[in-house]
Amino acid sequence: MRSTRDAFGAALLALGEKRDDVIVLSADLSKATRTDAFAKCFPDRFIEVGIAEANMIGIASGLSENGFRPFISSFGSFITGRYDIIRCSLAYPRCPVVVAGSHSGMAIGKDGTTQMGLEDVSLMRSLPNMMVVQPSTYAETIETMEAIADYDGGPVYLRLGRQPVPDIDLGSDAFKLGKIRTVKHGYDMTIVYSGCVGHVALGVADTMWHAGITCRILDVHTLKPFDADTLVKPLGILEPIVTIEDHSTVGGLGSIVADVVCKSSPTRVMMIGVNDCFVSSGDPDDLYSSHGITVEKIVERIRSELLL
Amino acid sequence: MRLEPNKLRAHVIDMVFAAGSGHIGGSFSIAEIIACLFSEFDLVSDRQQRDKLILSKGHAIPIVYAALHELGLLEADELTTFRQMGSRLQGHPDHRVLPLLDATTGSLGQGLSIAIGHALALKLHATSGQCGTVFCIMGDGEMQEGQVWEAAMFAPKYGLDNLVCIVDANGSQNDGLVKDTLDIGDVCSKFRSFGWLADEIDGNDTIAVTKALHVSPSGCPRCIVANTTKGAGVSFMQDTSWHARVPTDEERRAALLELGCGQ
């Protein structure tokens, strides 16, 4: 089990070895966001700005105008909290900067709400020109980093997790930036997930399979631009749909899916996530259970509400 | 080629009048600074180490458009498209639609950080000691934004002596005088305490401005607090109403006459 933030750190180091235009900025969270390996190897291309995320974003904007490929990182909550700076200094001018927001969702547990990225997808996807990606495993993060390294169409929000996650089998679909990855084919319902909850999606599918229900499982590593085609075609929407995310149900994956299906063929979408509330300090397992983001709780809801 | 501040002011009047909106007061206060920058420094060539201008107080962009026109880089026709849909001359600087500009700004407080990014890049790319200078023009009201102080704290860390922050201290902001809204105090001594070199000048005196801009780099970033008059150049445009006020046709003619550019 390895975390997606670990993969980010490893991929960044590898990228730094290949390309000398890669420059990394930190706001006093280099260890936590795993940019410290890069810092050690390439001190001349590592800029520590201190606890000053807005300044970090602006500096990256200026650097990107001069042939540098900046990667900036902090906790998702803190960095997307500087929304206006990201909007005006990165998104509006389409500056090719990768904004890595770690400690997504509730996994940090005992530190509590102020340290958790719970609305970061909602904020970032609302910005034109902003690509939003959220790999679900260590391996998928490496693939994502390779793909976004050469993307210079604008800024990218890369959502990462703190906690080690199982290296689940993501199926035979190759990774393609901008496309949904079909992890499993099924015929009775669809589970759509994004980020570090892939193992929960697989666990739900497994339980349902034992009850004779097969689930189509879709991994949305690219939240924006969203691959509506794969969800809707080739055989139409396989309803009902359950979305799973470690994020608010306001404006995240659930909202994206509901948006898409509503426009083509209105379908029941059950959204699993943090239901428009802030989260208490606590053991992550307790928090996930309390907010219904566990295999048991999701299966219970599918049975009682979707009657499957 | 020497640009004339009053000619720039005249273009600003025409642009704002044609558009029906725009910021005359804060554009006028930096006319001498802009005239000097575009006359004395290489802000528009293709050289990698050319000088840069980040207009952090982006609402003053009309005076920059005026300077670009006087340099022959923008046609007179195009000036009349200021603020129209699809125009390259957006209401606040957009350097994607007008690549002659170095940054997209308008939400106050962000430009100094962007300027630092440019200055740092120029330093990192500089091979033979020759390094472009990055000028960042900020408003005094703008100094109330927190991000400005993040940037101010940071710049000396990397010895960015190719960074010059010019504070247009015209004493006035959107809703009134700076000192009544939120007094920013002694900006020079604040910047000095952060590790910058800092000086105050008369920002509407061309000679003082030229002298201040040509100081050689010496290991730290520099702050120039330019004491200016909002609406300088036209006698009746110097009260606090001219932050975003549009002249009537009569006022326009009277202003152009005062600027020596009337018909």
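Chain A and chain B bury about 2000 Å² between them, with 54% of that on carbon and sulfur atoms. Buried area here is the accessible area, taken with a 1.4 Å probe, that two parts lose on being put together, summed over both. In chain A, the residues that lose the most area to chain B are Asn55(A), Asn66(A) and Tyr92(A), together 26% of what that side buries.

Before I go on, a word on the source. This is a predicted model, where local features need pLDDT of at least 70 and side-chain atom pairs count only at pLDDT 80 or more, while totals for chains, interfaces and linings use all residues. Residues are numbered from 1 along each chain as its sequence is written, chains are lettered from A and ligands numbered from 1 in the order in which they are written, and side-chain values use heavy atoms, with hydrogens and water left out.

Back to the interface. How many residues does the contact take from each chain? It takes 26 from chain A and 23 from chain B, where contact means heavy atoms within 4.5 Å. Between the two chains there are 14 residue pairs in polar contact, both residues at pLDDT 80 or more. A polar contact is a pair of N or O atoms within 3.5 Å; within protein, one must be able to donate a hydrogen and the other to accept it, and residues adjacent in sequence count only if both atoms are side-chain atoms.

On the chain A side, strand 2 (46–48), helix 3 (53–64) and helix 5 (83–91) each supply at least two of the residues that touch chain B. Helices (H or I, at least four residues) and strands (E, at least two) are DSSP runs, numbered from the N terminus. Helix 3 of chain A gives the largest share of that side, eight residues. By class, the side of chain A that touches chain B has 14 nonpolar, six polar and six charged residues. For those classes, Ala, Val, Leu, Ile, Met, Phe, Trp, Tyr, Cys and Pro count as nonpolar, Asp, Glu, Lys and Arg as charged, and the others, Gly among them, as polar.

Next, salt bridges. Side chains of opposite charge can pair when their charged atoms come close. The term here means a side-chain nitrogen of Lys or Arg within 4 Å of a carboxyl oxygen of Asp or Glu. The structure holds 27 of them over all chains, and the count between chain A and chain B is one. Arg96(B) forms a salt bridge with Glu65(A), and their closest N and O atoms are 2.9 Å apart.

Within chain A, Arg2(A) pairs with Asp167(A), the closest N and O atoms being 3.6 Å apart. Why does this pair tie together parts that are 165 residues apart in sequence? Because Arg2(A) lies in the segment before helix 1 (4–18) of chain A, and Asp167(A) in the loop between strand 6 (156–159) and strand 7 (181–184). Arg2(A) is partly exposed at 38% relative accessibility, and Asp167(A) is partly exposed at 43%. Buried means under 20% relative accessible area, exposed over 50%, and partly exposed in between (1.4 Å probe, protein chains only).

Glu305(A) and Arg301(A) also form a salt bridge, with the closest N and O atoms 2.9 Å apart. These two are four residues apart in helix 12 (residues 295–305) of chain A, so about one helical turn separates them. In chain B, a network of salt bridges links Asp14(B), Asp249(B), Arg252(B) and Arg253(B).

Not counting residues up to four places away in sequence, Phe191(B) touches several residues, including Trp149(B), Trp196(B) and Cys223(B).

His59(B) sits in the loop between strand 1 (52–55) and helix 4 (61–70) of chain B. Is His59(B) buried or exposed? It counts as buried, at 13% relative accessibility. Leaving out residues up to four places away in sequence, His59(B) touches His23(B), Ser27(B), His92(B), Leu108(B) and His243(B).

Gly26(B) lies in helix 2 (residues 24–28) of chain B and is buried, with a relative accessible area of 1%. Gly26(B) and Ala244(B) are 218 residues apart in sequence and 8.6 Å apart in space, C-alpha to C-alpha.
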